[in-house]
Amino acid sequence: MTLAELQELHSLPFFDLLKRAREVHEKFWPEGKIQLCTLLSIKTGGCSEDCAYCAQSARYKTELESHVLLEREEVMKHARAAKESGSTRFCMGAAWKGVRGGTPKFEQVLDIVRDVATLNMEVCVTLGELGPAEAGQLRDAGVTAYNHNLDTSPEHYPNIVTSHTYEDRLRTIRNIQDAGISVCCGGILGLSETITDRLRLLEVISNFNPAPESVPINSLMPMPGTPMAENPQVDPFDLVRMIACARIAVPGAKVRLSAGRTRLSDEVQALCFFAGANSIFYGEKLLTADNPEAEKDLALLAKLGLQTLEPNRALEAPGIDPFSPASPSPDGHLHHHAGVEGATAGCC
Ligand code: SAM
Ligand code: DTB
Ligand code: SF4
């Protein structure tokens, strides 16, 4: 979608936007189920990067307890527990600028991925910058999706991060796509961005080819010691609008209502599900920050009559109607690698 199209959508009266998003959601996701994903930080803190929202950056004096890369058995313990609790996707995060093939650390990550892949869950990792060879090795080890967020617009990004560029992020995304791994790419609201920045992010993401498999929408969790520690909370109606726009812009992707749910009421979360969110992080912890209790989430889903999704390691796109104006490329997600260049034109 273009920025102008997104601006037109976003400026609709709230209920008109919700109605449009709901129509797209029901068409692309007729079963209306919610995917449960569990996060684990496998390497915490001490990151060289200066992302202004992140408690794991070594540049800021935060209250975080760092730890080195976890051992395989420790990770497996968490992955098994996640599966038993009903999660169908296990997402492992590492506070690194990126990974390099041939290093003992990367070999250890590959071993961890091979183990977790035996559980028959979707296996997602988020390890920072990635080259083509490393992407291929992760795919061969059993990674089904790679999370690499663009977080905001290309214009606002340098106000948030200076230690790497938007171009660097897009290059990694291209490497993931080329390796045939599904891309999980989204952003954060609450980084002192404008509405235009939010819609520019969606413009870029909606022009990925293949389309992303999932789009996480995080709300900033202000972390003491970071430059964004005092940022105000995002207006819940703005969050719902963003979810609705993401649903329309990337109709075949799971839209994940991600960080920040501890500060959302049940009613706002219900509105987000209505507007097209169909995945959440599930379990008491995100990477380092708090998440709602599992029982509380299950109670909310039950109250809303929402069922949870079964695992899908193939990560196939749902039925895509090639004649619908809201459709992504008819070729779908994983087969056609036109890449992200179209998205970068004029952006960076
Ligand atoms: N180092 C890797 C990277 O930067 O891609 C992976 C880990 S990083 C913590 C993953 C994502 O978590 C970030 O891109 C950002 O969208 C989100 N995130 C980090 N800190 C956050 C916070 N305080 N509030 C909301 N989202 C946050
Ligand atoms: C994503 O978009 N959000 C998750 C996951 N992908 C890796 C991470 C949220 C992190 C929230 C802050 C924390 O736990 O430190
Ligand atoms: Fe490091 Fe990722 Fe945090 Fe940035 S977001 S400081 S790259 S862990």
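This is a predicted model: local features need pLDDT of at least 70, side-chain atom pairs count only at pLDDT 80 or more; totals for chains, interfaces and linings use all residues.
Visitor: Which residues come closest to ligand 1?
Guide: Ligand 1 is surrounded by 16 residues. A residue belongs to that group if one of its heavy atoms lies within 4 Å. The closest are Thr-126, Asn-149, Asp-151, Arg-169 and Met-221.

Visitor: How much of ligand 1 does the protein bury?
Guide: Take the ligand alone first. Ligand 1 then exposes 560 Å². Of that area, the protein buries 88%.

Visitor: Which residues come nearest to ligand 2?
Guide: Around ligand 2 there are 13 residues. The nearest of them are Asn-149, Asn-218, Leu-287, Thr-288 and Ala-289.

Visitor: Which residue places a polar backbone atom 2.9 Å from an oxygen atom of ligand 2?
Guide: Two side chains can be set aside. Asn-149 puts a polar side-chain atom 2.8 Å from an oxygen atom of ligand 2. Asn-218 also uses its side chain, with an N or O atom 2.8 Å from a ligand oxygen. The backbone atom at 2.9 Å comes from Ala-289.

Visitor: How much of the accessible area of ligand 2 does the protein cover?
Guide: On its own, ligand 2 has 410 Å² of accessible area.

Visitor: At what angle do helices H2 and H9 cross?
Guide: Helix H2 spans residues 14-28, and helix H9 spans residues 236-249. Their axes come within 9 Å. The crossing is left-handed. Its angle is roughly 35 degrees.

Visitor: How many nonpolar residues does the contact of H2 with H9 have?
Guide: H2 contributes Phe-14, Leu-17, Leu-18, Arg-20, Ala-21, Val-24 and His-25. From H9 come Phe-237, Val-240, Arg-241, Ala-244, Cys-245, Arg-247 and Ile-248. Sorted by class, 1 is polar and 3 are charged. The nonpolar count is 10.

Visitor: Where is the cis peptide bond next to Pro-210?
Guide: Pro-210 lies in the loop between helix H8 (195-206) and strand E7 (214-219). Omega of the cis bond is about 5 degrees. The bond joins Asn-209 and Pro-210.

Visitor: What is the phi of Asn-120?
Guide: Asn-120 sits in the loop between helix H4 (104-117) and strand E3 (122-126). Its phi is positive, and the residue is not glycine. The value is near 65 degrees.

Visitor: What is the phi of Ser-192?
Guide: Ser-192 is in the loop between strand E6 (187-189) and H8. Ser-192 is not a glycine, yet its phi is positive. The angle is about 60 degrees.

Technical notes: Residues are numbered from 1 along each chain as its sequence is written. Chains are lettered from A and ligands numbered from 1 in the order in which they are written. Side-chain values use heavy atoms; hydrogens and water are left out. Axes are lines fitted to C-alpha atoms, for helices over the stretch in contact, and angles run from 0 to 180 degrees between N-to-C directions. Helices (H or I, at least four residues) and strands (E, at least two) are DSSP runs, numbered from the N terminus. A crossing is left-handed if the near helix is turned anticlockwise from the far one by less than a right angle, and right-handed if clockwise. Contact means heavy atoms within 4.5 Å. Ala, Val, Leu, Ile, Met, Phe, Trp, Tyr, Cys and Pro count as nonpolar, Asp, Glu, Lys and Arg as charged, and the others, Gly among them, as polar. Accessible areas come from the Shrake-Rupley method with a 1.4 Å probe; for residues, only the protein chains shown count as cover. A polar contact is a pair of N or O atoms within 3.5 Å; within protein, one must be able to donate a hydrogen and the other to accept it, and residues adjacent in sequence count only if both atoms are side-chain atoms.
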